[in-house]
Amino acid sequence: MPLVFLALDDTLLDRSGAFRLWAKGFLDEIAAPQDDLDWLVAVDADGLTSRWDLADLIRDRYQLRVPAIDLVDELYEGPLVYERLDPMVGCALEIAADAGLVPVVVTNGATEASEGRIRRTGLDRYVADWVISEQAGVSKPNPRIFALAAQRVRMRLAGAWVVGDSPEADIGGAAALGLPSVWLHRGREWMDTRFAPTRVVGNVIQGLSAIMSARA
């Protein structure tokens, strides 16, 4: 029964899609042109930009007088309204579990926010457990966070797979442990020359299928 370590953002949950939907409504609300949607998505950088820095960029671009803290709260909470677990992802996780895989979420982020998303979307019903960097005290790609995830479900790391969309955090973490990995390309080309994923696919459903096929 091999472990499968799965990223949260843009792997199990469509964080980018939820942000884009929120951004469309936000631009309408402040009477900004929808042509700015690509700019807003770009500066968000898949959530890697600090919410405070992003709030400052938005306030400066649109000359908003709203307090920065209020905009930061909106940047945290607004996209969550649009975040859903794709039923097909839930189905794929069930099929994977029936096939003997043990899915565990390993994510970088704040404990309360990340766990809230896992529970609110119902993802908690489809995974064995989860490890969040803030609570663990260590972040991907550090191998320790994957070791902690294995301990949480009382399993060994040997034979585990890592699935995610981040070349550094997910595939780099797998490489550091010598584990096979599946990279979700999301329309991107693999650029890192230090290591490479075992499989490259478009989404997590295809990723789980690839792992099951590799085990067959």
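Buried means under 20% relative accessible area, exposed over 50%, and partly exposed in between, with a 1.4 Å probe and protein chains only. The model is predicted: local features need pLDDT of at least 70 and side-chain atom pairs pLDDT 80 or more, while totals for chains, interfaces and linings use all residues. Residues are numbered from 1 along each chain as its sequence is written, and side-chain values use heavy atoms, without hydrogens and water.

**View A. A nonpolar surface patch made by Leu 21, Val 81 and Tyr 82.** The patch covers about 270 Å². Val 81 is exposed, at 53% relative accessible area, and sits in the loop between H4 and helix H5 (87–98). Patches take residues with over 30% relative accessible area and no salt bridge, joining like charges within 9 Å and nonpolar side chains (Val, Leu, Ile, Met, Phe, Trp, Tyr) within 5 Å. Areas come from the Shrake-Rupley method with a 1.4 Å probe; for residues, only the protein chains shown count as cover. Helices (H or I, at least four residues) and strands (E, at least two) are DSSP runs, numbered from the N terminus.

**View B. A negative surface patch formed by Glu 29, Asp 70, Asp 73, Glu 74 and Glu 77.** Helix H4 (residues 68–77) gives the most to this patch, with four residues. Glu 74 is found in helix H4 and is partly exposed, at 30% relative accessibility. Lys and Arg count as positive and Asp and Glu as negative, with His and the chain ends not counted. Each charge is placed at NZ of Lys, CZ of Arg, CG of Asp or CD of Glu.

**View C. The cis peptide bond from Lys 140 to Pro 141.** Omega of this bond is near 10°. Most peptide bonds are trans. Pro 141 lies in the loop between helix H7 (133–136) and helix H8 (143–152). Ala 176 of helix H9 (residues 167–177) is 35 residues from Pro 141 in sequence and 7.8 Å away in space, C-alpha to C-alpha. Ala 176 is exposed, with a relative accessible area of 51%.

**View D. The salt bridge of Lys 140 and Asp 170.** The N to O distance is 2.6 Å. The pair links distant parts of the chain, Lys 140 being in the loop between H7 and H8 and Asp 170 in helix H9, 30 residues apart. Both Lys 140 and Asp 170 are buried. A salt bridge is a side-chain nitrogen of Lys or Arg within 4 Å of a carboxyl oxygen of Asp or Glu; by this rule the count comes to 15.

**View E. Asp 10 and Asp 46, both linked with Asp 165 and Arg 186 in a network of salt bridges.** Phi of Asp 10 is near 55°, and phi of Asp 46 is near 55°. Most residues other than glycine have a negative phi. Asp 10 lies in the loop between strand S1 (3–6) and helix H1 (15–29) and is buried, at 9% relative accessibility. Asp 46, in the loop between helix H2 (37–44) and helix H3 (51–62), is partly exposed at 33%.

**View F. The aromatic pair of Trp 183 and Trp 190.** A search of the whole structure finds six aromatic pairs. In this one the ring centres are 4.9 Å apart and the planes at 80°, so the pair is edge-to-face. Rings of Phe, Tyr and Trp (its six-membered ring) pair if their centres lie within 6.5 Å; planes under 30 degrees apart count as stacked, over 60 as edge-to-face and the rest as tilted. Trp 183 is buried at 2% relative accessible area, while Trp 190 is partly exposed at 22%.
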